[in-house]
Amino acid sequence: MDKKVAVVTGSSRGIGRAIALRLAQEGFDIVVNYARSKEAALQTAKEIEALGQKALIVKANVGKVEKIREMFAQIDEAFGRVDVLINNAASGVLRPAIDLEESHWDWTMDINSKALLFCAQEAVKRMEKVGGGKIVSISSLGSIRYLENYTAVGVSKAAVESLTRYLAVELASKNISVNAVSGGAIDTDALKHFPNRDELLADAVAKTPAGRMVEPKDIVNAVLFLLSEQAEMIRGQTIIVDGGRSLLM
Ligand SMILES: NC(=O)c1ccc[n+]([C@@H]2O[C@H](COP(=O)([O-])OP(=O)(O)OC[C@H]3O[C@@H](n4cnc5c(N)ncnc54)[C@H](OP(=O)(O)O)[C@@H]3O)[C@@H](O)[C@H]2O)c1
């Protein structure tokens, strides 16, 4: 029997990379999607192969629907199936609401929110052929709380969480479960773009009830749970993995 295939958007670096490697450990063949970091994508793929699984590297800007469709066409050729979609890739312009321009809004929404809809549409066509599947998106606390400069990304993540609920209902009859994992601050490359990075890190260390910052492995563990049989009756939810930080906001 063919191995199961997981598509992880934005898996060249950071949390996506950690998810891809863990799913490879669990026995999945992996689609390593990236936009710009070719060397990093190659490295992720190399590590997946060292774990004994196949890796297909696809450069595709998930903010563009035609690139998403091309990516899935490549997946058809290489693997011929899709069982899991992890909607992880994200980007965004960090500015106060009043300074956001139309291009900033569109860029952020296209990559963070629109990508879920159109990746899901393509993934579902393939999941139906194998009798079902699972979709998990990665969100952040900015969807429900105020974070400085985070306006566009926060709103884009709120859309992801809402779309997760709609998809969960509409895809349930196809045996496809849809959920999200929302994380507190995690020290990946993404934080380097924050003008207030040092402040964010200090806050996360000092004000997380669990006593440490969230790490990529914490998000990976929640994703793995949502992909497991134990999570069968969890649908359309966003699980917050923040060590309790948001309880104090
Ligand atoms: N770090 C945090 O504090 C934090 C907290 C909560 C939630 N999250 C969420 O976790 C997810 C991963 O974040 P991260 O911290 O790992 O970010 P990161 O280190 O900046 O990595 C982002 C990944 O997304 C890819 N990507 C960016 N734009 C893309 C596009 N248009 N098309 C395809 N791939 C694209 C990047 O690939 P290239 O380098 O090739 O462009 C990279 O692999 C995001 O959804 C983020 O919102 C992060």
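A: Starting with the ligand, one of its nitrogen atoms is 2.8 Å from an N or O atom in the side chain of Asn 61. Keep in mind that this is a predicted model.

Q: OK. What does the side chain of Arg 13 do at the ligand?

A: A polar atom of the Arg 13 side chain lies 2.7 Å from a ligand oxygen atom.

Q: And which atom of Ile 15 is 2.8 Å from an oxygen atom of the ligand, backbone or side chain?

A: Backbone: a polar backbone atom of Ile 15 is 2.8 Å from an oxygen atom of the ligand.

Q: How many residues are around the ligand, and which come nearest?

A: There are 30 residues around the ligand. Those that come nearest are Ser 12, Arg 36, Ser 37, Asn 88 and Thr 188.

Q: Switching to helices. How do the axes of α1 and α2 cross?

A: Helix α1 covers residues 14–25 and helix α2 covers residues 38–50; their axes come within 9 Å and cross at roughly 15°. Angles under 35 degrees count as roughly parallel, so α1 and α2 are roughly parallel to each other. The crossing of α1 past α2 is right-handed.

Q: Which residues meet there?

A: From α1, Arg 17, Ala 20, Leu 21 and Ala 24; from α2, Gln 43, Thr 44, Glu 47 and Ile 48. Sorted by class, the contact of α1 with α2 has four nonpolar, two polar and two charged residues.

Q: Next pair: at what angle do α3 and α4 pack?

A: Helix α3 (residues 65–78) packs against helix α4 (residues 102–129) at about 30°, and their axes are 10 Å apart. With that angle, α3 and α4 are therefore roughly parallel to each other. Their crossing is right-handed.

Q: Which residues of α3 make the contact, and which of α4?

A: On the α3 side, Val 65, Ile 68, Arg 69, Met 71, Phe 72, Ala 73 and Asp 76 take part. The α4 side includes Lys 114, Phe 118, Glu 122 and Arg 126. The contact of α3 with α4 divides into nine nonpolar, one polar and five charged residues.

Q: And how far apart are the axes of α4 and α5?

A: The axes are 8 Å apart, and α4 packs with helix α5 (residues 151–172) at an angle of about 15°. α4 and α5 are therefore roughly parallel to each other, and their crossing is right-handed.

Q: What's in that contact, by residue and by class?

A: α4 contributes residues including Trp 105, Met 109, Leu 116 and Leu 117, while Val 155, Ala 159, Leu 163 and Leu 167 are among those from α5. By class, the contact of α4 with α5 has 14 nonpolar, five polar and no charged residues.

Notes:
Residues numbered from 1 in each chain as written. Predicted model: local features only at pLDDT ≥ 70, side-chain atom pairs only at ≥ 80, totals over all residues. Heavy atoms only, no water. Axes fitted to C-alpha atoms, helices over the stretch in contact; angles between N-to-C directions. Helix = DSSP H or I, 4+ residues; strand = E, 2+ residues; numbered from the N terminus. Parallel < 35°, antiparallel > 145°, perpendicular 65-115°, else oblique. Left-handed = near helix turned anticlockwise from the far one by under 90°. Contact = heavy atoms within 4.5 Å. Nonpolar A, V, L, I, M, F, W, Y, C, P; charged D, E, K, R; others polar. Near = heavy atom within 4 Å. Polar contact = N/O pair within 3.5 Å; in protein donor to acceptor, adjacent residues only side chain to side chain.
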